[in-house]
Amino acid sequence: MRDADDQITFFYSCDPELEIFKLIGESIVNEEHFLINFYDEFVVDIYMLLDRPKSKFIAIDWDNTISADKEFFLKLIKKLQKAGYPPFVCTLRAPDKENIKEIKGVLEETNIAIYLTDGKPKRKYMKELGINVHLWIDDFYPGICADTCKMLARNKIL
Ligand SMILES: [Mg+2]
């Protein structure tokens with residue numbers, strides 16, 4: 001049994017029949033984390049926000065997301081890679097050597113791409129690189145886009 005203090009509450013409020021949700025939902029339940037489908041900022045630890053339906057890229061935050069349960073996310077990243085949903089790390093951290101070293105140290109075996117936006121909003125940053133995101137996994141959605149972003153409304157946030 002997982003200790004209650006180590007349990008993460010994930011939020012997802014879009015179509016439960018979507019393949020990506022089934023993949024991740026199964027891991028969450030198997031690893032004894034929680035999953036809820038209503039927005040409550042005091043309860044949610046990590047948001048899973050659906051963005052572009054046709055893209056397959058999965059953007060995963062580092063601080064308080066992967067770092068909250070490295071073992072869980074390492075397994076999940078491998079699972080997503082196998083299933084044809086290329087995951088990458090997208091963090092607001094600055095692109096300096098120490099930050100990259102820390103992240104690579106944990107995820108080395110996955111060969112995952114790492115994007116460090118240096119505080120810039122993640123959605124715009126990735127779009128400018130030509131990368132549309134299928135699903136964002138992040139503890140801090142204001143880092144992805146502004147409050148007025150329709151993507152948040154579609155995910156029943158705010
Ligand atoms: Mg974070």
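Predicted model: local features only at pLDDT ≥ 70, side-chain atom pairs only at ≥ 80, totals over all residues.
User: What makes the span of H2 close to the expected one?
Analyst: H2 covers residues 70-83, which is 14 residues. The expected span is 1.5 Å times one less than the number of residues. That gives 20 Å for H2, and its first and last C-alpha atoms are 20 Å apart, close to the expected value.

User: Why are the buried residues of H2 said to be on the same side?
Analyst: The residues in question are Phe73, Leu76, Ile77 and Leu80. To be called buried, a residue needs 20 or more other C-beta atoms within 10 Å of its own. The arc they cover around the axis is only 105°, so they sit on the same side of H2. Over on the other side, Glu71 and Lys82 are exposed, a label that takes 12 or fewer such neighbours.

User: And what do the buried residues of H2 pack against?
Analyst: They pack against H1, H3 (97-107) and the strands S4 (58-60) and S5 (87-91).

User: Why are S2 and S6 called edge strands?
Analyst: The open sheet runs S2-S1-S3-S7-S4-S5-S6, with mixed pairing. S2 (34-36) and S6 (113-116) each have a single partner strand, so one side of each has no neighbour in the sheet. From one strand to the next, the twist averages 20°.

User: How do you know that S1 and S3 pair?
Analyst: Pairing takes at least two bridges, and two bridges join S1 (9-11) to S3 (46-50), so they count as paired, running parallel. Phenylalanine 11 has tyrosine 47 of S3 as its bridge partner.

Methods
Residues numbered from 1 in each chain as written. Helix = DSSP H or I, 4+ residues; strand = E, 2+ residues; numbered from the N terminus. Axes fitted to C-alpha atoms, helices over the stretch in contact; angles between N-to-C directions. Arc of directions from axis to C-beta. Contact = placed C-beta atoms within 7 Å.
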